[in-house]
Amino acid sequence: MLNAGSVFGVYPYPFRYESGEILVAVEQSDPFYTYTRVCRGARVEKVIASPPGTILIHPVEPLTLPKQVTRFLEIRFPPVVVEPLAEKTLYVTFPLDIGVFIEGKGDIEKMDVFSLREPQYSLYGPSDRGVITRYHESGITGQIPTTDPFREGVMRLALKNASRNWIEVSRAVFENTNMVLFHDEMVGMTARMEIFSGLVAETKIGDRPFREGMKRSVGLSSGRKATFVEQKGFLMEHGAADGI
Amino acid sequence: MTSFSDPLIGEITIYDLAAIAVIMVITVIVAKLVTNHIKKRLSDKVGKDELAIIVRVTYYGIIILGIFIALPYFRVNLSGLLVAGGVVGIIIGFACQSVVSNLISGLFIIVERPVKLGDNINIGDVFGTVEEIRVLSTTVSATDGTYIRIPNEKVFTSNIINYVTHAARRIEYTIGIDYADDAGRGVAVIHDLLASHPFVLKNPKPQVFVKELSPDAVNISILFWTPSSEYGDVRNEMLWRIKVALEEAGLSFGSPRRMVRFGNELRMESRSPAEGR
């Protein structure tokens with residue numbers, strides 16, 4: 001198992017990181033620097049026309065590869081039945097991409113995003129009113145599961161059944177607005193899903209890590225540089241379980 | 001001492017002047033409120049120039065309406081003005097019929113939004129990408145790069161096919177597998193291929209099944225969904241990849257065949273070269 005702490009972080013360049021399927025390097029090639037990334041056989045090179053600075057390698061939300069077609073992440077998991085007016089917390093996994101950012105003069109800019117996973121997309125809802133989602137199938141656990149931090153993160157998901165009926169839930173859809181990832185030796189995110197009926201639920205991404213010491217990752221979604229305001233939720237209007 | 005009802009200028013009294021002032025102040029306030037509302041609502045729907053025209057026309061329209069409301073207080077004989085205005089209105093109406101029709105259609109298009117900037121659409125016989133929606137016309141960039149201006153009246157009254165309004169679209173192929181080959185294996189190969197492509201949506205699930213036993217081949221129907229924005233690329237790419245995958249799996253495609261039956265018994269003769277001499 002790779003240790004995320006060994007790659008996610010801040011790197012003054014020139015530097016070189018090579019492990020398994022990944023090579024990330026910024027090396028001097030007078031008069032500039034050359035950024036090189038190799039992952040799953042694909043190679044990207046860019047010239048950095050600036051004096052020595054820093055590179056950030058952080059986990060990012062998995063919504064831009066191979067190109068951005070959606071801002072929604074859908075996690076499918078085995079059906080969970082939640083009792084009326086109860087709240088349960090469980091852990092699911094989510095896919096992640098790896099982002100490379102360049103920092104200088106107080107500004108951080110995305111330079112590259114790559115992934116060790118092959119993405120899958122899906123449709124949540126009918127084709128006329130639904131949304132395209134980045135699709136991920138996950139198991140569920142009551143404890144923090146062990147994952148490969150280069151491929152998957154862990155989401156602590158609080159399920160709140162706000163209705164007076166037993167409700168089965170097997171999927172959650174999140175919007176990337178204010179999607180915040182945290183990392184230490186693993187990558188984590190917190191979220192909340194308030195279920196109003198079998199058809200309607202609201203999901204929100206939290207802006208706190210689920211354990212102390214995790215660092216906030218630089219994200220891709222707009223507004224990440226701003227301070228956090230009230231978290232915007234996504235209203236799931238097309239069901240929270242299969243067959244609805 | 002002058003009272004409010006005493007004529008001040010001609011037949012106009014102080015009361016009339018006050019009423020005119022109040023009406024015009026209210027008119028200006030209403031015009032500003034309405035135009036501000038229009039700016040907020042339409043700023044992301046129409047171009048800057050068109051928005052400026054709409055705002056100006058609305059503003060002065062409301063001002064003119066306010067003047068008409070205030071006219072009785074000017075002690076003006078409206079009957080003659082209305083007759084003259086009516087005649088002028090009819091003349092202008094006939095002269096500007098198509099312009100007004102396009103203008104009204106444009107406003108309805110802006111409000112109803114059957115097309116948006118960047119949409120791939122088909123209006124009548126025009127196929128392309130919407131470049132601009134103006135008050136009088138909509139411009140489309142055809143797939144061959146041609147600039148096409150369509151009057152809004154035609155846009156509004158034509159059948160519009162918008163290829164990207166819905167999130168996803170379905171792609172459908174029919175592939176014929178030779179009778180000598182295993183069509184079931186072909187179905188499995190295509191299923192695996194579809195599952196490996198990111199833009200072949202997981203839901204609705206792709207469908208691959210034997211649709212027809214045609215005279216020439218076992219026809220396999222392939223149905224899957226893709227994001228509307230990726231429709232063209234995915235449709236072209238997957239058709240080729242399916243062809244390659246089936247060939248790599250050792251499957252061949254059906255081709256037209258005809259079975260010929262002879263009414264009489266056929267006799268075959270073979271001769272050696274020496275006998276033939």
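Among contacts in chain B between residues at least 6 apart in sequence, 65% join residues at least 24 apart. This is a predicted model, in which chain B carries eight helices and 10 strands. The domain assignment divides chain B into domain 1 (7-103), domain 2 (113-162) and domain 3 (168-248).

**Overall form of chain B**

- The radius of gyration of chain B is 36 Å, whereas a compact globule of 277 residues would have a value near 19 Å.
- Taken along its principal axes, the C-alpha trace of chain B extends over about 145 × 45 × 30 Å.
- Buried residues account for 19% of the 277 residues of chain B.

**Domain 1 and domain 2 of chain B**

- A distance of 32 Å separates the C-alpha centres of domain 1 of chain B and domain 2 of chain B.
- The contact between these domains involves 10 residues of domain 1 of chain B and 10 residues of domain 2 of chain B.
- On the side of domain 1 of chain B that touches domain 2 of chain B, helix H2 (48-70) and helix H4 (97-112) of chain B each contribute at least two residues.
- H4(B) provides the largest share of that side, namely four residues.
- Sorted by class, the side of domain 1 of chain B that touches domain 2 of chain B consists of five nonpolar, three polar and two charged residues.

**Contact between the chains**

- Chain B places 13 residues in contact with 14 residues of chain A.
- The side of chain B that touches chain A comprises eight nonpolar, three polar and two charged residues.

**The three-stranded sheet of chain B**

- Three strands of chain B form an open sheet in the order E8-E10-E9, and their pairing is antiparallel.
- Strand E8 (168-177) and strand E9 (207-213) of chain B are the edge strands, each pairing on one side only.
- On average, neighbouring strands of this sheet are turned by 25° against each other, direction ignored.
- E8(B) and strand E10 (residues 218-227) of chain B run antiparallel and are joined by 10 bridges.
- Within this part of chain B, B:Ile171 has B:Phe224 in E10(B) as its bridge partner.
- Helix H6 (residues 183-196) of chain B lies across E8, E9 and E10 of chain B and runs at about 10° to E10(B).
- Helix H7 (residues 231-248) of chain B also packs on the sheet, where it touches E8 and E10 of chain B, and its direction makes about 20° with that of E8(B).

- Strand E13 (residues 152-161) of chain A is mostly covered, with seven of its 10 residues buried.
- Strands of a sheet pair through backbone hydrogen bonds, in either the parallel or the antiparallel sense.
- Nine bridges link E13(A) with strand E8 (residues 87-95) of chain A in the antiparallel sense.
- A:Thr93 has A:Val154 in E13(A) as its bridge partner.
- E13(A) also pairs with strand E16 (residues 187-195) of chain A, here in the parallel sense and over eight bridges.
- For A:Arg156, the bridge partner in E16(A) is A:Thr190.

Definitions and conventions
Residues numbered from 1 in each chain as written. Chains lettered and ligands numbered in written order. Predicted model: local features only at pLDDT ≥ 70, side-chain atom pairs only at ≥ 80, totals over all residues. Domains from an automatic or database assignment. Contact = placed C-beta atoms within 7 Å. Nonpolar A, V, L, I, M, F, W, Y, C, P; charged D, E, K, R; others polar. Buried ≥ 20, exposed ≤ 12 C-beta atoms within 10 Å, placed from the backbone. Pairing = 2+ DSSP bridges. Axes fitted to C-alpha atoms, helices over the stretch in contact; angles between N-to-C directions. Rg over C-alpha atoms; globule rule 2.2 N^0.38 Å.
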